[in-house]
Amino acid sequence: MATYRPETESNTLLADDSILEYVLETTVYPREHQRLRELRLITQQHAKSFMRSSPDQMQFFSVLLKLIGASNTIEVGVFTGYSLLTAALALPAGGKVVAIDANREYYELGRPVIEKAGVAHKVDFREGDGIAELDEILSEDGGAMAGTFDFAYADADKLQYAGYHERLLRLVRVGGAIAYDNTLWGGSVAMPRDKPGSSEYDRLVRDSLVGFNAAVAADDRVEACIVPIADGVTLCRRVK
């Protein structure tokens with residue numbers, strides 16, 4: 001969600017929304033899967049549509065998953081399942097996506113579309129708190145799930161990113177990737193924290209993300225970069 005921009009509902013940090021429209025019309029929409037489009041349009045009508053992932057970002061993830069040869073992925077934060085469907089479509093026939101969200105009701109909005117896309121068998125949806133569910137997965141079968149995931153995507157409670165990071169590093173294999181969404185938080189991480197128009201929650205999240213991005217940059221267990229797509233994605237490759 002883009003913050004500090006109350007006058008607009010823009011879903012990009014680009015200087016001009018026309019640039020995003022060019023990207024979407026040139027490389028995203030022409031090859032967009034029919035069911036992805038259907039779920040995107042459903043999500044846009046939701047009262048909390050500001051929580052949705054952007055189509056260009058999802059296209060980027062789809063290409064990334066195929067580049068790294070991902071078969072098993074995990075998501076913390078699902079909403080209607082738009083990003084989940086993106087991953088499921090990108091994975092091979094035997095691929096699996098573990099999807100964690102505290103609200104099954106949102107996921108149920110997108111589940112019929114996921115079923116129509118023919119990839120519901122790839123989805124393992126788990127309702128609950130992100131930290132608690134990750135701990136549960138780490139404890140399954142005596143820790144057998146550790147190091148078995150190729151890719152992880154976190155787009156849930158931004159204040160818990162540090163906790164997600166420690167757990168996802170144990171679940172993702174060496175050479176795998178972890179992506180954290182909204183890490184530029186409307187550009188506020190590069191602005192004074194008392195920027196006019198910001199709420200107390202915005203400032204709290206902004207401070208947390210500034211600390212998180214700095215910690216990841218200094219973490220020798222990963223190679224990290226911040227990708228200025230949508231609201232910012234901090235992308236990490238696990239190296240040890």
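Biologist: At what angle do helix H1 and H3 pack, and how far apart are their axes?
Modeller: This is a predicted model. In it, H1 (residues 17-28) packs against H3 at about 45 degrees. The axes of H1 and H3 are 10 Å apart.

Biologist: Is H1 oblique or roughly parallel to H3?
Modeller: Oblique, because of that angle.

Biologist: And which hand is the crossing of H1 and H3?
Modeller: Left-handed.

Biologist: What about H3 and H4?
Modeller: Helix H3 covers residues 55-67, and helix H4 covers 82-90. They pack at about 30 degrees, with axes 9 Å apart. Angles under 35 degrees count as roughly parallel, so H3 and H4 are roughly parallel to each other.

Biologist: Left-handed or right-handed, that crossing of H3 and H4?
Modeller: The H3 and H4 crossing is right-handed.

Biologist: Switching to the sheet. What is the strand order?
Modeller: S3-S2-S1-S4-S5-S7-S6. That is seven strands in an open sheet, with mixed pairing.

Biologist: Which strands sit at the edges?
Modeller: Strand S3 (123-127) and strand S6 (222-227). Each of them pairs on one side only.

Biologist: How many degrees does the twist average?
Modeller: From one strand to the next, the average is 15 degrees.

Biologist: Take S1 and S4. In which sense do they pair, and over how many bridges?
Modeller: Parallel, over four bridges. S1 spans residues 72-76 and S4 spans residues 149-154.

Biologist: Which residue in S4 is the bridge partner of Glu 75?
Modeller: Tyr 153. Both Glu 75 and Tyr 153 also line the largest cavity.

Biologist: OK, cavities then. How many are there of 30 Å³ or more?
Modeller: One. The largest cavity holds about 40 Å³ of space.

Biologist: What else lines the largest cavity?
Modeller: Besides Glu 75 and Tyr 153, the lining has Phe 61, Leu 65, Ser 83, Thr 86, Ala 87 and Phe 151.

Biologist: Which elements supply at least two residues of that lining?
Modeller: H3, H4 and S4 each do. H4 gives the largest share, three residues.

Biologist: How does the cavity lining divide by residue class?
Modeller: Five residues are nonpolar, two are polar and one is charged.

Biologist: Which residues are closest to the centre of the largest pocket?
Modeller: Met 51, Asp 155, Ala 156, Asp 157 and Lys 158. In total, 41 residues line that pocket.

Biologist: And how do the pocket-lining residues divide?
Modeller: There are 18 nonpolar, 14 polar and nine charged residues in the lining of the largest pocket.

Biologist: What do helix H4 and strand S2 supply to that pocket?
Modeller: At least two lining residues each. Strand S2 is 96-101. H4 also supplies lining residues to the largest cavity.

How values were computed
Residues are numbered from 1 along each chain as its sequence is written. This is a predicted model: local features need pLDDT of at least 70, side-chain atom pairs count only at pLDDT 80 or more; totals for chains, interfaces and linings use all residues. Side-chain values use heavy atoms; hydrogens and water are left out. Two strands pair if DSSP finds at least two bridges between them. Axes are lines fitted to C-alpha atoms, for helices over the stretch in contact, and angles run from 0 to 180 degrees between N-to-C directions. On a 1 Å grid over the protein atoms alone, a cavity is a set of points where a 1.4 Å probe fits but cannot get out, and a pocket is an open set with protein on both sides within 12 Å along at least five of seven lines; lining residues have an atom within 4 Å of a point. Ala, Val, Leu, Ile, Met, Phe, Trp, Tyr, Cys and Pro count as nonpolar, Asp, Glu, Lys and Arg as charged, and the others, Gly among them, as polar. Angles under 35 degrees count as roughly parallel, over 145 as roughly antiparallel, 65 to 115 as roughly perpendicular and the rest as oblique. A crossing is left-handed if the near helix is turned anticlockwise from the far one by less than a right angle, and right-handed if clockwise. Grid points are joined across faces, edges and corners, and a volume is the space filled by probe spheres set on the points.
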